[in-house]
Amino acid sequence: MRFLLLFSRQGKLRLQKWFTSMSDREKKKIIRDMTTMVLARQARSCNFLQWKDLKIIYKRYASLYFCLAVESQENELLALEIIHRYVELLDKYFGNVCELDIIFNFEKAYFILDEFLMGGEIQETSKQIVNRSIEASDMLQEVRFTDSPCVRREAGF
Amino acid sequence: MPAPIRLRELIRTIRTARTQAEEREMIQKECAAIRSSFREEDNTYRCRNVAKLLYMHMLGYPAHFGQLECLKLIASQKFTDKRIGYLGAMLLLDERQDVHLLMTNCIKNDLNHSTQYVQGLALCTLGCMGSSEMCRDLAGEVEKLLKTSNSYLRKKVTLCAVHVIRKVPELMEMFLPATKNLLSEKNHGVLHTSVVLLTEMCERSPDMLAHFRKLVPQLVRILKNLIMSGYSPEHDVSGISDPFLQVRILRLLRILGKGDDDSSEAMNDILAQVATNTETSKNVGNAILYETVLTIMDIKSESGLRVLAINILGRFLLNNDKNIRYVALTSLLKTVQTDHNAVQRHRSTIVDCLKDLDVSIKRRAMELSFALVNGNNIRGMMKELLYFLDSCDPEFKADCASGVFLAAEKYAPSKRWHIDTIMRVLTTAGSYVRDDSVPNLIQLITNSVEMHAYTVQRLYKALLDDISQQPLVQVASWCIGEYGDLLVSGQCEEEEPIQVTEDEVLDVLEGLLVSNLSTPVTRGYALTAIMKLSTRFTSVNRIKKVVSIYGSSIDVELQQRAVEYNALFKKYDHMRNGFHLSLLMIINFRFFVVLSSFKMVQVCLSCLCVVPILQANDLLDLLGGNDVVPVIQNTVSTKPASAGGELLDLLGDLSLSGIPPMTAYNKNGLKIDFTFERANPNPNIAVITIHASNSTEADMTDFVFQAAVPKTFQLQLLSPSSNVVPALNQGTVTQVIRVLNPQKQQLRMRIKLTYTHKGSAVQDLAEVNNFPPQSWQ
């Protein structure tokens, strides 16, 4: 995998994970290209695009577009499953996750992603283990959150 | 100093901004506050400030002044600080700036931390963005950690090792010992990352690949267990156990089985099992099937298995899910070369996909359709493809038109069908046809001698309907100029001949000249066509008038042509009729086909004026008249041909000199032919024209031809027509060589060819010894 981007229907970036080293300028250009290309797609098109030598897999969940770029030998159908798994993890953590959760808790979205993927590869295929690791790490934080989900959006730094 | 505002508070505030300017103002204010807070070395709120900075960075604002703060957070003892610090490092730092190296020591310490979650943070950062220097420094630590029995850490270290190998491939050997019992793990996370590590090593080193082939039985067993095992809540996805691991194992099996009979055989059964037993109702099952198909096609599988794989793809084509159809088309495109017949069986389904609404699917279907065209199905396929061309989006038209021309050229069942197909493309997608097709089409039409009348009639009718599509207009103009006599005489065998007068034809051509829709190139074609008709039509006066009007045209090209044509009328009128029709035809034809550029057409036209004089001796035989001779001989010396040498060579192509052409070089798809003529008046000079053509599928660019001859000869190499030899014989590069051979020795030549082909530079030397004796005797 080369990169994972999350952006809204208006093209606002909500998360960016780069799996290879790139300059800031290149990153900005890619973000622009991806948002333009994906947002221009018609409603019932297939979820795959060809862009340069990469395959772009995108899927819309509510108001967020998840956009994953993989190399040519990777499996696009599985990439859809990877995106879905990430959404499931977010959903389990936040409880009925919505875009606002990811906006206000972007650092948590990154932490969860970093327990699921690393260096462009999947590091853990079990949902429960990923969730348990995140919860355990959260417990270590000196600034505690309460367990109530709705407070997750408020407390913190 | 009040506490800096909380992260969520800032986010909420920024989101209330109604304009970009308002947002920018808020950000600037907050950045200033953060900067002064950093200056005060405030430990308590550093974490909060960096978090805010990361948010602003995501909105697109610069945040580099927080880089050092991230490093300080990483060095802190608090877990919250480390968490944000490492995240900040991954977002703000990158290996291009030396400051990232400051992380190395912190990471080293944290790799040995007592808390596994801290170790995890360090491993994650190293494994995501570690530079080569960092990887080199810390490879030892990573290798040490690989021995851990802690599965949480093991999977992270393994991926870290993969990253190290990607950054510093020489360190791969270091991790070999740790791979000893890699697959005996039960933990899926560790197993998955281990398979990734093995894959990375096998892809990079053939030795490693050979070494790990022995793991095939173990991998097969693991895969079997995954399929046969019952429901496992931890890894289940829609009834399938750990699809991510299954796919990864299939991919590794693909690499191990490729080119190896034994391994391929060992995995035959399991592949068949997966192919037949996997549930296909959901995407996840199809993802596994897809990977299985890819593996079957890549290894040395038995034919039964291959047919099974292609049939799976055929079923995919009928699936309601667009993604699956797309993936099937992509895979079939990959296999169409090797398993052509099997893919042909699904041709009708593939052709149906041309009508799909999805753009990505249409494109794949188009590419695959062209790959499936052969002599047997050409008529049916072309019908579908032409229908597609009519209705597809503009983005496809150019590629589709080119594909149609190529397929028609290869498999046309008859000349008439070929011409009809070309006509159809020109009339429906005429504006999208590539520029180089025009000369190719002209060449094709010229070669189909018996179809000339039919072709010119159809083209004329097409012009009456529509003059906006330039390639169509150009080809039509050329044909009318060439075969206008056939048009007016109403001789058409293939279809009902139309009644058209010379004036009507000239009306159409003049209409092209004045129309706003015509490009300058088209106008040039039209004017030349009108001129050529002066030897075919009787209404010469009208043509003279048109030509003289354009003698003062604003367009320089048109003006020059018109002036030269005028000269032909005035000075060489007596020769104009006798001027062998075929000379005009071939000169025009050669230039349009071979050189296709305005400048050379100009040269050609100058030649039209000069050539009659210089080649008078030869022509006289055709004319049978002698009175002209003295006049012409006197003017030989006073008429400097602007491009004398090359011009002579044109006529030389007609083999007026009688020396047969030869093939000097033919290798790797590059063919170089030599044609000869004697330069008048010096019989010791052999004028050789090289014609370079390219039968491969990629253009040869930066083409340079050099030649050397023995000492007794002198060589002059004139400039080439171009330095790109187009693919698939779509055109040739010509260049003139003049060889002075005063001692009449046997001509030998050494040639050197350099060009770029498919991205790599090619160079070749060759001796040319097979010159026909007439060229030097």
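1. Which residue of chain A forms a salt bridge with K156(B)? The partner is E115(A), with the closest N and O atoms 3.3 Å apart. A salt bridge here is a side-chain nitrogen of Lys or Arg within 4 Å of a carboxyl oxygen of Asp or Glu. By that rule, eight salt bridges cross the interface of chain B and chain A. The side of chain B that touches chain A divides into 30 nonpolar, 15 polar and 24 charged residues (Asp, Glu, Lys and Arg count as charged; Gly is among the polar ones).

2. A word on the basis: this is a predicted model, where local features need pLDDT of at least 70 and side-chain atom pairs count only at pLDDT 80 or more, while totals for chains, interfaces and linings use all residues. Residues are numbered from 1 along each chain as its sequence is written, chains are lettered from A in the order in which they are written, and side-chain values use heavy atoms, leaving out hydrogens and water.

3. Now the interface as a whole. Chain B brings 69 residues to the contact and chain A brings 67 (heavy atoms within 4.5 Å). Between them the chains bury about 6200 Å², 55% of it on carbon and sulfur atoms; this is the accessible area (1.4 Å probe) lost on being put together, summed over both. In chain B, R8(B), R83(B) and F244(B) lose the most area to chain A, together 14% of what that side buries.

Methods
Buried area = accessible area lost by both parts, 1.4 Å probe.
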